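Hi,

Here is the model I promised to send over. Have a look at it first, and my notes follow below.

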Amino acid sequence: MIYNIPFIAVVCLILIGLYALVFKRNLIKMVIGITLIESGVNLFLITLGYRKGSIAPIYTSSPGGIMALPIPQALTLTSIVIGVAVLALMLSLVIHIYRHYGTLDVRKVRRLKE
Amino acid sequence: MTEMSKIVRTITAIAFPFSMIYGLYVIAHGHLTPGGGFQGGAVVASACAMVLVAFGSKWTLDKIKEKRLSVFESIGAIAFIGLAFFGLIFGAVFFNNFLVGNDYLFGIIPVVGSGLADINTAGVIPLMNFAVGLKVIAGLFAIVLVMAYATTNYKEGKK
Amino acid sequence: MNIPAYTPALIVAVPLLGAFLTLLISRINDKLRNIFVILVLGLNSLLVGLLAFNIFTKSTPDSPFIYTYIFGAKDVTLPVVRILFEVDAMSIFMAIIASILVFVAVIYSWSFMKENTGLDKYYTLLLLLTAGMLGMMLTGDMFNFFVFLEITSIASCALIAFWTNKAESVEAAFKYIVISAIGALFVLFAIALLYGQYDALNIAVLSNAIQYTFLDKIALVLLIVALAMKAGIVPMHMWLPDSYGRAPSTVTLALVGATLASLYGVLRVIFTLYGNILLEPAKFDIPVNMFIGWLIIPLAVISIIVGVIMALRQTDFKRLIAFAAVAEIGYMFLAIGTGLAAMGTAYGRTALEGGIFHIINDALDVGLLFLVAGAIYYATKEWSLDEMGGLARNMKYTTIFFIIGLLAVAGMPPFNGFASKLLIYESTYQLNPILAIVAILCSILLLATFVKVFHSAFMGPKLPKFKDVKEVPKSMLFAMGILVCIIIFFGLFPNLVLENIVRPAADALLSNAQYLSMVLGGA
Amino acid sequence: MSKRNLVAAVFFSIVAVIFIFSALLMHPFGVLDESDMDDYVIENTQEETGANNGVTSVVFDYRGFDTLGEATVLFTAVAGVIMIFRRLKND
């Protein structure tokens, strides 16, 4: 069980992010929550690729030995860039919402109802 | 974003070329050492963002317009997808690494196993790294520039 | 007829290249850019049509034809490292829908969006949205599916916020991006769970390896929840009326396609990814298919009821249609749920066929109604139904199109909605009569809603403020005309469509063993 | 506690249970069940792609199409951000 600490850390990150997203009323805090969930998922992907005692999968003057899995690292790279894109778009929308409503409180940003 | 103090600007002017060179190194050696187009592009883009923070968005926007950056980004993207199309033309399959195995540009296959490697290897991968690097530099810098400029304008309009 | 093997790759790559070039071309001339975008999408529709023709003629009920394309190498290596495109009848069926919708949207935008600034970005994003949707539909790799899902959601979010001077559209876009970011992260987590166990990302390989451990169940739940959330089923539907209602009509049309792409994701996950273990008993001797089916059916029924009732209360034209779209999505999920719960029986198959047929009908009908709403907005600058009246005198063609759309969406003969809804009623009645009765009642209520709209917007005395209202420009009428022609064709010859297009798609979904052998057998 | 909070709490606890279960049931950290696909990459990356860096060869060669999608996502985001902050006619 003690070996699973990285996975537990992943779940902690995701749950903290989800908590921020669900219970916080500030739009910026919600964005931070989504970023935390995303970091959790990225951490999960990268931990999947680890083998005990392995080195990075790069042959340039490597000491030799078992190598970590390369595909999860590539997937994490993709997922990080996608996260940056989503974050940029969300923050620009938040800026615009602030311009229109003059507030970041999610309870007051509610012109769309029913 | 407004201009910062003289100390910050001087330090930025000194640090900017070094971080730029480091980023370009990471892009160019993507197929040999840890790194690649995205990572190196992010380094260069953060160097540019540092300039933006130190010198203010108005100054930066006088030097380079976001429209030009978006053209650069388009060029990077077209180069990337163009390399994929070249794979279709020369190697019969989309995204084929058609340069690997040739003796000229980037075509050498390295010695199997760990050891120092030639930079002239890996086929289209270094070219794709350059294309993606250009794209990421232009793209990230454009995002930061546009957002910084938009927030500045708003504050001044309020006053 | 033989087509080049790389057609599936071109279907995604052409709109992408077009999108990258659009920004450069729009610096030259605006009209040139519009023509370029229409040409790119026309070429793309042609490619989709060719591939579809090829697949539908080659597949027989016993052995559905699957087109595989490997990126980067000539042969598949085992284990499958490279990304594969796996195009079967179901994928290409959805691709046809997406390309029709986007093509119509672009023609419609010529006049509709003329007055706006930032059109270069608008067309770029529309092309990117097309590429994202088509990629989602054609890909055979889970992670690639996630990437295209993100392209679709980011492009549609930016397009929803196109009218940035209106607070509501920005708010709707924010809601949409939050929902889709969470959904996409859940999908990614599920993919990581599967990857961690089987060390594979290809759908066929995963489907072959899946053993239905507890982690697989978690991955299944996460995938279905996230994709159904993006498809707009009821507990998670709140983003849908907002973003459908506040985006420009052309964008709404493309968004309908994006929503249906998520629906396709649900179908693909259930029937192909988990297809091998669907009929195995899970807990308490209930097979997995019954479990998932009866999980989906209540949600679908609630979607139908909520959609119809909320539509009755709306005064905003586009929001009303959006709630009707929620109800229509409920019908599709009802059919899918019935097909799952009664898997293996004849009526289960009928239900699935009805559901698949309803996907294309819903896209056309709801799309037409959104375009009519856009046309009225273009002519009167008015969204609210309370302010409208007497428009039939000034806008003859639009009125006719609206009548066709409302009859089709409510499932009246001789339009296309009738054929698919009849299949759904018939099969759900055999599963449980109450479901069918609810479905029929809600359909009638939907008709009543739209008749009310028709009365308040088009009938009645001519209002003085709409004295100068003219018919909309020809390109908009032409775009609506395309949809109307397809609707009437489908309504008059439902059997033709059912046998040639819908049935192969249903076959492709149900024959999972064939899918695996076609994809992996060539290795 | 308001209605919104109650719904949120229920949603949160359901998702929390799902995620905690998945963390507890994962294979032990560092001990993999299967690694065929990645071993193939590690063995063949130098011969097939000529790159010494396994990750880059996956990013740009084996899964190059994903990277095209990734670059497209960034392109989409830039186009979206510039479009959102564009100058409107009536400004």
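To start with one residue: is Phe162(C) buried or exposed? Phe162(C) is buried, as 25 other C-beta atoms lie within 10 Å (buried means 20 or more other C-beta atoms within 10 Å of the residue's own, exposed means 12 or fewer, partly exposed is in between, and C-beta atoms are placed from the backbone).

Some housekeeping before the rest. This is a predicted model, with pLDDT of at least 70 needed for local features and 80 or more for side-chain atom pairs to count, while totals for chains, interfaces and linings use all residues. Residues are numbered from 1 along each chain as its sequence is written, and chains are lettered from A and ligands numbered from 1 in the order in which they are written.

Back to chain C. Phe162(C) sits in the loop between α5 (142-160) and α6 of that chain (helices are DSSP runs of H or I with at least four residues, strands are E runs of at least two, both numbered from the N terminus). Leaving aside residues up to four places away in sequence, Phe162(C) touches Tyr122(C), Ala247(C), Pro248(C) and Val251(C); contact means C-beta atoms, placed from the backbone, within 7 Å. From Phe162(C) to Pro287(C) it is 125 residues in sequence and 47 Å in space, C-alpha to C-alpha.

The loop between α6 (167-198) and α7 (203-209) of chain C holds Asp199(C). Most residues other than glycine have a negative phi. Asp199(C) is not a glycine, yet its phi is positive, at about 55°. Asp199(C) is also buried, with 24 other C-beta atoms within 10 Å.

There is a helix pair worth a look in chain C too. α13 (residues 346-380) and α14 (residues 396-409) of chain C pack at about 150°, with axes 9 Å apart (axes are lines fitted to C-alpha atoms, for helices over the stretch in contact, and angles run from 0 to 180 degrees between N-to-C directions). That angle makes α13(C) roughly antiparallel to α14(C); the cut-offs are under 35 degrees for roughly parallel, over 145 for roughly antiparallel, 65 to 115 for roughly perpendicular, and oblique for the rest. Among the residues that meet are Leu368(C), Leu369(C) and Val372(C) from α13(C), and Phe401(C), Phe402(C) and Gly405(C) from α14(C). By class, this contact has 10 nonpolar, two polar and one charged residues (nonpolar is Ala, Val, Leu, Ile, Met, Phe, Trp, Tyr, Cys and Pro; charged is Asp, Glu, Lys and Arg; the others, Gly among them, are polar).

Now chain D, which has four helices and zero strands. The C-alpha atoms of chain D fill a box of roughly 60 × 50 × 15 Å along the principal axes. In chain D, 51% of the 91 residues count as buried. For helix α3 (residues 54-62) of chain D it is nine of nine, so α3(D) is largely enclosed by the rest of the structure.

As for neighbours, 39 residues of chain D are in contact with 37 residues of chain A. α4(D) gives the most to the chain D side, with 10 residues, and by class that side has 26 nonpolar, nine polar and four charged residues. The contact between chains B and D takes 34 residues from chain B and 23 from chain D. On the chain B side, α5(B) brings the largest share, 11 residues.

Cheers

Notes:
Two residues are in contact if their C-beta atoms, placed from the backbone, lie within 7 Å.
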